[in-house]
Amino acid sequence: QQDTLIVWSEAENYDLALSFQEKAGCDEIWEKICQVQGKDPSVEVTQDLIESEEEHIEEMPETSPLIDLPTCELNKLEEIADLVTSVLSSPIRREKLALALENEGYIKKLLQLFQVCENLENTEGLHHLYEIIRGILFLNKATLFEVMFSDECIMDVVGCLEYDPSLAQPKRHREFLTKTAKFKEVIPITDSELRQKIHQTYRVQYIQDIILPTPSVFEENFLSTLTSFIFFNKVEIVSMLQEDEKFLSEVFAQLTDEATDDDKRCELVNFFKEFCAFSQTLQPQNRDAFFKTLAKLGILPALEIVMGMDDLQVRSAATDIFSYLVEFSPSMVREFVMQEAQQSDDDILLINVVIEQMICDTDPELGGAVQLMGLLRTLIDPENMLATANKTEKSEFLNFFYNHCMHVLTAPLLANTSEDKCEKDAVVGSTKSNTICPDNYQTAQLLALILELLTFCVEHHTYHIKNYIMNKDLLRRVLVLMNSKHTFLALCALRFMRRIIGLKDEFYNRYITKGNLFEPVINALLDNGTRYNLLNSAVIELFEFIRVEDIKSLIAHIVENFYNALESIEYVQTFKGLKTKYEQEKDRQSQKLNSVPSILRSNRFRRDARALEEDEEMWFNEDEEEEGEAVVPPVEKSKPEDDFPDSYEKFMETKKAKESEDKENLPKRTSAGGFKFTFSHSASAANGANSANSKSVAAQTSPASSNGSSSKNAALTTAVAAAKGSLVGLVDYPDDEDDDEEEETSPRKRPRLGS
C-alpha cells in the first residue's frame with residue numbers, strides 16, 4: 001500500500017504492517033517475500049483471504065469491487081454496525097466500504113433513521129447508530145467527511161455520537177453547540193463562505209477534541225484525515241481573513257481607538273490571539289506574508305497600547321500575540337523599537353512596557369513574568385541578530401537597550417539592595433550589614449528572574465554589560481542578596497558572580513578584588529556552617545574554578561585576605577590548594593627577580609608589540625573608538641613622584657567618559673619611571689615585604705631610573721614591568737595607605753610566563 005507499506009493479517013483480528021522510509025527498500029523486501037511465497041511481486045495482494053472474508057466476497061459478483069450494503073432500515077441497524085466495525089481491520093475492505101457509502105448516499109439515509117430512532121426513543125437503535133457513525137469516521141476518508149460535516153448533516157452526526165452505549169445517560173453535545181457556544185463576531189463578517197468555514201471548523205474540532213474518545217496508540221492514524229481536514233480549514237480561514245484588507249484594518253482601528261470599551265477590546269485581542277494561533281498552520285512563506293501584513297497594519301504599536309492596560313485577560317492575550325511575533329521575527333520587533341525610541345520617551349517604549357509588565361506581574365508564581373523574560377532574552381540574544389557586514393543590528397540594538405531599557409530592568413534589583421551601605425573594606429567576620437533583603441517570595445522570584453537575564457547578558461554582551469556593572473557597582477548590589485533567606489535567590493546572585501569570574505577577564509578581577517567582593521560570598525559559606533547543601537557546593541565550586549584555572553590575581557587576593565577564615569575547611573582540598581598555588585607563585589616571583597634580567601629586557605619590545613596587536617584586535621572586534629584616546633598621557637622623565645596620582649585621575653576620568661569602552665588599552669611605555677607603583681606592589685608581594693618597605697623601595701627606584709642609571713633597581717623595574725606583560729596598565733591604582741589595596745594588586749602575570 002502507498003508504495004511504502006507491507007500489510008498482512010494473522011488470525012482473524014490481528015493486523016501487522018511493515019513501514020519503510022523509501023519505496024526502493026519496500027520493493028526489495030516485497031520481492032523477497034514473494035520469492036519465498038512463490039508469488040508474483042507485481043500482484044498487490046498475495047495473502048489468501050481468511051474464511052469469513054471469503055464468504056463475504058463470494059456474495060459479491062466478481063466484477064463489482066464494492067461491498068453490498070444492507071438496506072437502510074431500522075431492523076438492519078445491527079447488521080450495518082457489525083459490517084462497519086468488521087471492515088476496520090482490513091485496509092482493502094475499508095476502501096471498498098467507503099466507496100459504497102459514498103455512491104449510495106448512504107450517510108444521509110442513516111441520519112434520517114437517527115431522527116426516527118430518536119423520536120421513537122429506540123435506545124438500542126441509537127446505540128447501533130453510535131457504532132456506525134464512529135466507524136465511518138474511523139474510515140478516515142475526506143470525501144465522507146465532506147458529507148458528514150456539511151451544514152445539513154453535522155448536527156445529526158453529533159447527535160448520533162451522543163448515544164455512547166458505555167454511558168448511562170446520553171451527553172448533550174448539540175445543546176452545548178447550539179445554545180452555550182456563541183459565535184462572537186468582533187466585526188461582522190460579510191463573507192458567508194467564510195462564516196460557514198469558521199462554524200464548521202469549530203464543530204469538527206469539538207467532535208475531535210470532546211466527543212471522540214482519545215485515540216489509543218493503535219488508533220492514532222484512524223483520524224489523521226480528520227486532523228488534516230481541520231488543518232486545511234484553518235489555512236483557508238487565515239487566508240480569507242488576510243485577503244480582506246478592510247476587515248483587518250477595521251479590527252486594528254477599533255483596537256487602538258480610545259473610545260472602544262473594555263469588553264470590546266478584550267474580544268478584539270482574543271480574536272487576534274486566535275488568528276495568530278491559526279496562522280501557525282500556514283506554510284513558512286505564507287506565514288511570512290501573514291506577519292508582514294500584520295506589521296504593515298501596525299500590530300506592534302497596537303500591542304504596546306494593549307499591554308499597558310489594567311485588564312489581566314487582555315494583557316495576557318496581548319503577551320501571547322507578542323510571543324508569536326518575537327518567535328517569528330525578533331529583528332522586526334527590534335527594528336520597530338529602535339525607530340520608536342527616536343520619537344518617544346523611554347517610559348512608553350514597547351520593551352519598557354514589556355519589562356514593566358514583567359516587574360508588575362501580580363501572579364504569586366509569576367507565570368506571565370517568566371514568559372516575558374523568555375521573550376526579552378530572545379530579543380537581546382546576539383545569536384539571532386542579523387550578522388551583516390558591519391554588524392549594525394547587534395551594536396545598534398545593544399546600545400539602545402543599555403541606554404533606554406537596562407535601568408528599567410535593574411530598578412527592582414537596585415531598589416531592593418539599596419539599604420546596604422556596608423563599607424568597602426569591611427573585614428570578614430565583622431557583623432553583617434543590616435541588609436533589608438526582600439523577604440516575600442514573590443519579590444525574591446522576580447529578582448531571581450532579573451538576575452537570570454543579567455547573567456545571560458554577562459555571557460553574551462561583553463563590553464556593554466561590563467560598563468554597566470562597573471558604573472553601577474552592580475555586583476556589590478547583587479551580592480547583598482547572598483543574605484536572602486530564599487536560598488534560590490542567593491544561588492542566583494552567586495551564579496551571576498560565577499559567570500563573571502568564568503570570563504577570566506582581568507578587568508572584572510580587578511573590580512572584584514578592589515571592591516573586596518569575595519567577602520559576602522565567604523560570609524555566606526561560613527554562615528551556612530556544616531550544612532552540605534547546594535549553596536555550600538556552589539561556593540566551593542567557585543573557588544575550585546579559580547584554583548584549577550589558576551587566576552593569579554584572585555588567588556592572591558583570597559589567600560591574603562581570607563585564608564585565616566577558610567583554613568578550617570578541610571573536607572575539600574580547595575582552600576589548601578589555593579594556598580599552595582599562592583606560595584608557588586611567590587617562589588616563582590622571587591626566582592624571577594633574582595634571575596638575570598637581561599633576557600627579559602631583550603624580549604621586551606617584541607612581546608609588547610604582540611600584546612598591543614592582540615589589544616587592537618579586541619578593540620576593532622568590539623567596534624570601539626580610536627585606540628589612542630584612552631591611553632594615559634606619557635609621563636615626562638623629569639616629572640616628580642607626586643604628580644602620579646593626578647595623571648592617574650585624569651586617566652580614570654577619560655576612561656569613565658567613554659561609556660562603550662571594553663578593554664583597558666595597553667599604554668605605550670615611555671619611561672622606566674612609569675612603573676613606579678607597579679614595581680612597588682610586585683616587589684612587596686614577591687618578597688613578602690611590608691608596605692612601608694615597599695614604598696621606600698619605590699622612592700629609591702624612581703629617581704634612579706629617571707637618571708638613566710643602570711643600578712640594580714632600575715633593572716628590576718624593567719624586569720618586573722616586562723614580566724607583567726599586557727595585563728597591566730601604566731598605573732595600577734593610586735598608592736593608598738590601605739593594606740587591602742597594597743595586597744590586592746599582587747602579581748598578575750601573563751600565564752605563559754608563569755608556566
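1. Elements giving two or more residues to the lining of the second largest pocket are α10 (192-211), α11 (224-243) and α13 (262-279). Of these, α10 gives the most, with nine residues. By class, the lining has 17 nonpolar, four polar and eight charged residues. Nonpolar covers Ala, Val, Leu, Ile, Met, Phe, Trp, Tyr, Cys and Pro; charged covers Asp, Glu, Lys and Arg; the others, Gly among them, are polar.

2. Conventions. The model is predicted, with local features needing pLDDT of at least 70 and side-chain atom pairs counting only at pLDDT 80 or more, while totals for chains, interfaces and linings use all residues. Residues are numbered from 1 along each chain as its sequence is written, and side-chain values use heavy atoms, leaving out hydrogens and water.

3. The secondary structure of the protein comes to 37 helices and two strands. Both are DSSP runs numbered from the N terminus: helices are H or I of at least four residues, strands E of at least two. Of the 755 residues, 47% count as buried. Buried means under 20% relative accessible area, exposed over 50%, and partly exposed in between, with a 1.4 Å probe and protein chains only. Among contacts with a separation of 6 or more, 71% are between residues 24 or more positions apart; a contact is heavy atoms within 4.5 Å.

4. Helix α13 has 18 residues and reaches 26 Å from its first C-alpha to its last, close to the 26 Å expected at 1.5 Å a residue. The expected span is 1.5 Å times one less than the number of residues. Its buried residues are Arg265, Cys266, Leu268, Val269, Phe271, Phe272, Phe275, Cys276, Phe278 and Ser279. They pack against α11, α12 (245-256), α14 (284-297), α15 and α16.

5. Lys273 also lies in α13. At 31% relative accessibility, Lys273 counts as partly exposed. Not counting residues up to four places away in sequence, Lys273 touches Ala317, Asp320, Ile321 and Tyr324. Lys273 and Ala318 are 45 residues apart in sequence, and their C-alpha atoms are 7.3 Å apart in space.

6. The 13 residues of helix α19 (residues 367-379) should span 18 Å at 1.5 Å a residue, and its end C-alpha atoms, 19 Å apart, agree with this. The buried residues of α19 are Ala369, Leu372, Met373, Leu375, Leu376 and Leu379. Seen down the axis of α19, these buried residues fall within an arc of 165 degrees, so they line one face of the helix; the arc is that of the directions from the helix axis to the C-beta atoms. An α-helix has 3.6 residues a turn, so residues three or four places apart point the same way. The buried residues of α19 pack against α15 (299-307), α16 (312-328), α17 (330-341), α18 (350-359), α20 (392-404) and α22 (441-460).

7. Helix α27 (residues 519-528) is mostly covered, with seven of its ten residues buried. These are Glu519, Val521, Ile522, Asn523, Ala524, Leu525 and Asn528. Their cover includes α24 (474-479), α25 (487-502), α28 (534-549), α29 (552-566) and α30 (574-594). Gly529 follows α27 and has a positive phi, near 65 degrees.

8. Most residues other than glycine have a negative phi. Glu121 is not a glycine, yet has a positive phi of about 55 degrees. Glu121 sits in the loop between α5 (106-120) and α6 (123-138), and at 66% relative accessibility it counts as exposed. Thr462, also not a glycine, has a positive phi of about 35 degrees. Thr462 is in the loop between α22 and α23 (463-472) and, at 38% relative accessibility, counts as partly exposed.

9. Met470 is found in helix α23 and counts as partly exposed at 23% relative accessibility. Leaving aside neighbours within four places in sequence, Met470 is in contact with Phe507, Tyr508 and Tyr511. Met470 and Phe507 are 37 residues apart in sequence and 9.5 Å apart in space, C-alpha to C-alpha.
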